Amino acid sequence: MAYSDTVRKIFGQEIEEIKSRGLYKEKRFICSPQDATIRVEYPEGAETTEVLNFCANNYLGLSSHPEVIKAAREGLESRGYGMSSVRFICGTQDIHRELQTKLTDFLGTEDTLLFPSCMDANAGVFEAVLGKEDVMIADRLIHASLVDGIRLCSAEYDTFKHMDTKHLEKKLQQHSDKRARMVVTDGVFSMDGDLAPLDEMVALCEKYDSMILVDDSHASGFIGKTGRGTHEHFGVMGRIDIITTTLGKALGGASGGCVSGRRELVELCRQKARPYLFSNSLSPVIVAASIRVIDLISKTTERRDKLEWNTKYFRERITAAGLNVRPGETPIVPVMLYNAKLANDMARDMYAEGIYVIGFFFPVVPAGAARIRVQLSAAHEKEHIDKCVEAFRKVGNKYGILGLDKNGIIEKYGM
Amino acid sequence: MDDIKDAVLEYVVDEYVDEDDDIEVGYETPLISSGLVDSFSMVSLKVFLEKRYSISLPDNEATPEAFDNVNSIASLVRRHLGQG
């Protein structure tokens, strides 16, 4: 037997080590469509419980929207279920082209290429575009998929302090001898919900002849007055060289991603990006539904406006309740607890109160910066938010952290 | 010899510590294992060392362990300069 008891033991020990470090990811089963209210089987084998979901990327509440489901059905009927091919052999339908054109118009770019996911887009884009003579200069807190993509590329890379444009300028000066420079950032950072200052960053890139790539996965569909993304928010539409984003969050939430930007850069991805060349085409079902999503949110800003209202309301109420919340304006709201065990314990107690949230701690966030990340959705109603805030107040009171600032919480629980 | 340690320490503080961070970094302060510097950002330090001392640090030596404090970084640099 090739998989011997000795080998099994080695891997078993590794799993035990993950558990002993408190990093084990438990199984949780959702037994309903994704929505503000879901039925969850947790722990595994337990009776299902109805809880309010405050940890999904379902920002616009479109994951189970009737119009989106209808479009998915129509796509299934008219174009089938799967393509059984990569895009460039026989995996591109007319609707793939249509979605790419719609995304190009929506994002205000020159061209767009669909990928199986944004993780794949980020894994493939750098290697396809840059070479040994070039440099990538990345914000230190970019998403893990960008980190992986950067590491797969032969170009040199460097980093700058999180959202520190002075430090970025220093790095751009240091790398003035390279053939091409590319600044890399998230539009909205997924753990803190903060916005990269794209107006200043784009100005610096233009001053120092650098391209800029923005992963707008936590922004596309709802950041900016018409939801185009972080570049709309900062008034720099048309000046971002590459936007990577996902269809797996606000834009329907199924899966799929894209590289959108300058015509030549997108064309190079079409020719060279390995995740595009070597993985299957996006299912017609998802493509058809995504087209409807873009149509829906292009017609009205009603959903992103509701999300904005929900975000403001939650931020006001949770702060008034005495929780320590990192200030901001996005629907990603970190309730800061600093101590990993406290974050875990409180998340468990929140679940018992009917609120599904998750604790995050090192290495997902920096050491000593543990938190519960709350994510708002346009699917939430005011009473859902009131219930969530009340649960936080009750659980926060149990742990004696209401009204405490960072130092107060650390003094009580340590880091 | 302390010149290398001081230069590395100065770079680390300037590059990785924010003004409002309540952290004092010394020669033995853990950098990687404490989370102050993550493995992705570590590359900036490697690029700095290679440029400043005109050395080439192979990946199997520029490890998180070797970069975990100023003293061990200085030792690595000295070895590559033929001083170790």
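## Chain B: helices and overall form

In this predicted model, chain B has 3 helices and 0 strands. Read along the sequence, its pattern is α-α-α.

How does the radius of gyration of chain B compare with that of a compact globule? For 84 residues, such a globule would have a radius near 12 Å. Chain B has 12 Å, so the two agree. Along the principal axes, the C-alpha trace of chain B spans about 40 × 25 × 20 Å.

Buried residues account for 24% of the 84 residues in chain B. Contacts across the sequence can also be sorted by separation. Take the contacts in chain B between residues at least 6 apart in sequence: 58% of them join residues at least 24 apart.

## A sheet in chain A

Chain A holds an open sheet of 4 strands. Their order is E1-E2-E3-E12, and the pairing is mixed. Which strands stand at the edges? They are E1 (29-30) and E12 (355-356) of chain A. Each has a single partner strand, so one side of each is left without a neighbour in the sheet.

Strands E2 (residues 37-41) and E3 (residues 49-53) of chain A pair in the antiparallel sense, over 4 bridges. In this part of the sheet, Arg39(A) stands opposite Glu50(A) in E3(A).

## The nonpolar cores

The largest nonpolar core has 122 residues. Four of them touch the most other members: Met136(A), Val184(A), Ala343(A) and Ala370(A). Helix H12 (residues 284-299) of chain A gives the largest share of this core, 10 residues. Where does the core lie? Domain 1 (33-63 + 302-413) and domain 2 (66-299) of chain A both give residues to this core, so it lies between them.

Met136(A) shows the packing at one point. Leaving out residues up to four places away in sequence, Met136(A) touches Phe126(A), Leu130(A), Ile150(A), Cys153(A), Ala155(A), Tyr157(A), Met182(A) and Val184(A).

A second core, of 16 residues, is separate. Its members include Ile4(B), Leu45(B), Leu49(B) and Val70(B).

## Where the chains meet

How many residues does each chain bring to the contact? Chain A brings 9 residues and chain B brings 8. On the side of chain A that touches chain B, strand E6 (residues 156-160) of chain A supplies the largest share, 3 residues.

Note on methods: Residues numbered from 1 in each chain as written. Chains lettered and ligands numbered in written order. Predicted model: local features only at pLDDT ≥ 70, side-chain atom pairs only at ≥ 80, totals over all residues. Helix = DSSP H or I, 4+ residues; strand = E, 2+ residues; numbered from the N terminus. Rg over C-alpha atoms; globule rule 2.2 N^0.38 Å. Buried ≥ 20, exposed ≤ 12 C-beta atoms within 10 Å, placed from the backbone. Contact = placed C-beta atoms within 7 Å. Pairing = 2+ DSSP bridges. Core = buried A, V, L, I, M, F, W, Y, C linked by C-beta atoms within 7 Å. Domains from an automatic or database assignment.
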